[in-house]
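Dear colleague,

Please find the structure below, together with its sequence. My notes on what was found in it follow.

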Amino acid sequence: YADSALIHQQVEAHAASHPEAIALRFEHEHLSYRELSERANQVAHCLLKHGIRPDDRVAICVERGLEMIIGLLGILKAGGAYVPLDPEYPADRLSYMMQDSGISLLLTQPALHERLSIPAPINVLDLRLDDPALAAFSNDNPPARVAPLNLAYVIYTSGSTGQPKGVDISHEALAGHTDVAIGYFQLTSQDRVLLFSSLNFDGFIEQLFPALCVGAGVIIRGNEV
């Protein structure tokens, strides 16, 4: 699967060919593929300004919602590798994962600051859709800077046999797995997929990226459901 387009490149292609198709729904909000890609581009340009380079690890700890997906795509577009942190996890576990993964930056939300014990010297960026500082960044696709073997994300095991262990996943592996899932589930652009898993569970990958890579719609489960 070395020739598969990378995940964010496939989303960009749908944003160009079917810009007004609905990519995400969360409660009473929705984003088209164009809006999703443009918002993620602004995050990517912000991360690039903060010095993020390929294989740099960027943690993301946000509540379920549109910002969660925008942040993930923004990190991928910038060339970084995302480290998912579910804010429902215990604070000491989140702190351990931040230290163990060697992140250089944390994307989060103001409401979560008190819940997180952020180790120094990690930089913190707040991710808010209504942030004028973020809106000032370009919404154009950032220049291509990622190779297939660069890291896409780092996901941690459950820790049921000891300390959780981080597993490095490359862009090539993520794109290949996504291709297999698309075929297995026979996904098309007419489908709607429920994203119900925790950000820290590997099932999250199969509920999100295959749908976005065929131009389908993703329905994000809220915390109250």
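Helices here are DSSP runs of H or I with at least four residues, numbered from the N terminus. The model is a predicted one. On that definition, helix α7 spans residues 203-213, and α7 is followed by Gly215, whose phi is positive, near 80°.

Together with strands β9 and β10, helix α7 makes a right-handed β-α-β unit. Strand β9 (residues 192-195) runs parallel to β10 and pairs with it over four bridges; in β10, Gly217 is the bridge partner of Arg192. Strand β10 (residues 217-220) also pairs in the parallel sense with β1 (residues 22-26), over two bridges. For Leu24, the bridge partner in β10 is Val218.

How many residues of α7 are buried? The count is 10 of 11, so the helix is mostly covered, where buried means under 20% relative accessible area. Among these buried residues are Phe204, Ile205, Leu208, Phe209 and Leu212.

The largest core has 56 residues, of which Leu24, Leu36, Ile69, Tyr82, Leu107, Leu208 and Leu212 touch the most other members. Helix α3 (residues 66-78) gives this core its largest share, nine residues. Leaving aside residues up to four places away in sequence, Ile69 touches Leu24, Leu36, Leu195, Phe204, Leu208, Leu212 and Ile220. There is also a second, separate core of 16 residues, which includes Ala59, Val83, Met97 and Ile122. As a general matter, nonpolar side chains in soluble globular proteins tend to be buried together.

Ser101 belongs to helix α4 (residues 91-101) and counts as buried because its relative accessibility is 7%. Its side chain reaches the backbone oxygen of Met97 at 2.7 Å. Apart from residues up to four places away in sequence, Ser101 touches Arg57, Val83 and Tyr156.

Turning to charged pairs, the structure holds seven salt bridges. One of them joins the side chains of Glu12 and Lys77, at 2.8 Å from N to O. This pair links distant parts of the chain, since Glu12 is in helix α1 (residues 7-17) and Lys77 in helix α3, 65 residues apart. Both Glu12 and Lys77 are buried.

The closest N and O atoms of Arg34 and Glu38 are 3.3 Å apart. Arg34 is partly exposed at 30% relative accessibility, and Glu38 is partly exposed at 25%.

Arg115 and Glu88 form another salt bridge, with their closest N and O atoms 3.7 Å apart. Arg115 lies in the loop between β5 and β6 and Glu88 in the loop between β4 and α4, so the pair ties together parts that are 27 residues apart in sequence. Arg115 is partly exposed, at 36% relative accessible area, whereas Glu88 is exposed, at 55%. Salt bridges with shared partners also join Glu20, Arg34 and Glu38 into one network.

Lastly, Ala144 is found in the loop between α5 (132-135) and β7 (151-156). Is Ala144 buried or exposed? With 79% relative accessibility, Ala144 counts as exposed. Ala144 and Leu127 are 17 residues apart in sequence and, C-alpha to C-alpha, 23 Å apart in space.

With kind regards

Terms used:
Residues are numbered from 1 along each chain as its sequence is written. This is a predicted model: local features need pLDDT of at least 70, side-chain atom pairs count only at pLDDT 80 or more; totals for chains, interfaces and linings use all residues. Side-chain values use heavy atoms; hydrogens and water are left out. Two strands pair if DSSP finds at least two bridges between them. A crossover is right-handed if, with the strands pointing away from the viewer, the path from the first strand over the helix to the second runs clockwise. Buried means under 20% relative accessible area, exposed over 50%, partly exposed in between (1.4 Å probe, protein chains only). A polar contact is a pair of N or O atoms within 3.5 Å; within protein, one must be able to donate a hydrogen and the other to accept it, and residues adjacent in sequence count only if both atoms are side-chain atoms. Contact means heavy atoms within 4.5 Å. A nonpolar core is a set of buried Ala, Val, Leu, Ile, Met, Phe, Trp, Tyr and Cys residues joined through side-chain atoms within 4.5 Å. A salt bridge is a side-chain nitrogen of Lys or Arg within 4 Å of a carboxyl oxygen of Asp or Glu.
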